[in-house]
Amino acid sequence: MPFAPAKLSCPTVPLSNGLQIPIFGLGTSHHGGYSHDAVMYALTECGVRHIDTAKRYDCEEKLGYSIKKSGILRSNLWVTNKLWPDDYGYKTAKKACFDSCSRMELEYFDLYLMHWPGSSRPGYSNREMRAETWRALEELYKEGVCSAIGVSNFLVHHLEELKEDCSVVPHVNQVEYHPFQQPNQLIEYCRQEGIVFEGYCPLAKGQALNNPTILQIAEKYGRTPAQICIRWSIQNGVVTIPKSTKMKRIQENVQVFGFQLEDVDMATLGSLHDGRHVSWDPTNVE
């Protein structure tokens, strides 16, 4: 096991309902994106208290086991889960949430997200299905099964329609965010509406780690390219959830609170946007 860094002292971001979400978390994923040892290391050695997962990633049981083994009080941990479109719809969404809680052996989720703005259900428009599903999440929220509710990969028009159709504005919108993909109009809209913006893929699935500009800035600060990207994201006020199954990488990723990027370097990184997506692109979802 690599040398453990000092316990993470992580700032939080307030949600519109008064809860505080840690600005840094550990992401998980499908296709080999889960490691019990890595999660245990993050929780028990690094002080990470924010874990992000999804039914889609097929690691709920494993993650639930790791959380239990860590011995960390449930009230000291922020757990986010996501509802896959196959489960959209009022009844199916509620059942899917309870089933996810059961698989993870948790009584509630701190945050529960609709994973995608599109629906796979025939006979319904995407807007109708989003609204029906969101009403289920509103009930789960009111019942305390989810302490906060939100969406993922939603664009401005998806959020506008949801605001018209429903009563609770999403607490969070989780979207791809890294130096090459900076949806600033969406971020500004979310902030105006009191929706916390959360970014995934902060390293652009590794594409950022070989960028000459990022390498140059990393050398200036004596940091790694990954640390520069994560620091830039957090310094922009974005809740950031890098994924890793390697303890050495997690150790590296958590060490982003002991330095600050200068304004000139923040601006340089902000100029790298080229519109590329390294994950799903919701642009054409009606």
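This is a predicted model: local features need pLDDT of at least 70, side-chain atom pairs count only at pLDDT 80 or more; totals for chains, interfaces and linings use all residues.
Trainee: Why is Ser100 called buried?
Mentor: Buried means under 20% relative accessible area, exposed over 50%, and partly exposed in between (1.4 Å probe, protein chains only). Ser100 has 1% relative accessibility, so it counts as buried. Ser100 belongs to helix α3, residues 90-104. Helices (H or I, at least four residues) and strands (E, at least two) are DSSP runs, numbered from the N terminus.

Trainee: What makes the pair Ser100 and Glu60 a polar contact?
Mentor: The cut-off is a pair of N or O atoms within 3.5 Å; within protein, one must be able to donate a hydrogen and the other to accept it, and residues adjacent in sequence count only if both atoms are side-chain atoms. The side chains of Ser100 and Glu60 are joined at 2.6 Å.

Trainee: Which residues is Ser100 in contact with, leaving aside neighbours within four places in sequence?
Mentor: Lys55, Glu60, Asn81 and Phe109. Contact means heavy atoms within 4.5 Å.

Trainee: Why is Glu60 with Arg103 called a salt bridge?
Mentor: The term needs a side-chain nitrogen of Lys or Arg within 4 Å of a carboxyl oxygen of Asp or Glu. For Glu60 and Arg103, the closest N and O atoms are 2.5 Å apart. Glu60 sits in helix α2 (residues 60-70) and Arg103 in helix α3, so the pair ties together parts that are 43 residues apart in sequence. Glu60 is buried at 3%. Arg103, at 27%, counts as partly exposed.

Trainee: How many salt bridges does a search of the whole structure find?
Mentor: It finds 17. One of them joins Asp52 to Lys82, with the closest N and O atoms 2.5 Å apart. Asp52 is in strand β4 (residues 50-52) and Lys82 in strand β5 (residues 78-83), so parts 30 residues apart in sequence are tied together. Both Asp52 and Lys82 are buried.

Trainee: What links Lys94, Glu139 and Glu143?
Mentor: A network of salt bridges. Within it, the side chains of Glu143 and Lys94 meet at 3.0 Å, N to O. Lys94 is buried at 13%, while Glu143 is partly exposed at 45%.

Trainee: What makes β6 and β7 a pair?
Mentor: Two strands pair if DSSP finds at least two bridges between them. Three bridges join β6 (residues 111-114) to β7 (residues 149-152), and the two run parallel. Leu113 has Gly150 of β7 as its bridge partner.

Trainee: Why are β3 and β10 called edge strands?
Mentor: The open sheet has eight strands, in the order β3-β4-β5-β6-β7-β8-β9-β10, with parallel pairing. β3 (26-27) and β10 (239-240) each pair on one side only, and that makes them the edge strands.

Definitions and conventions:
Residues are numbered from 1 along each chain as its sequence is written. Side-chain values use heavy atoms; hydrogens and water are left out.
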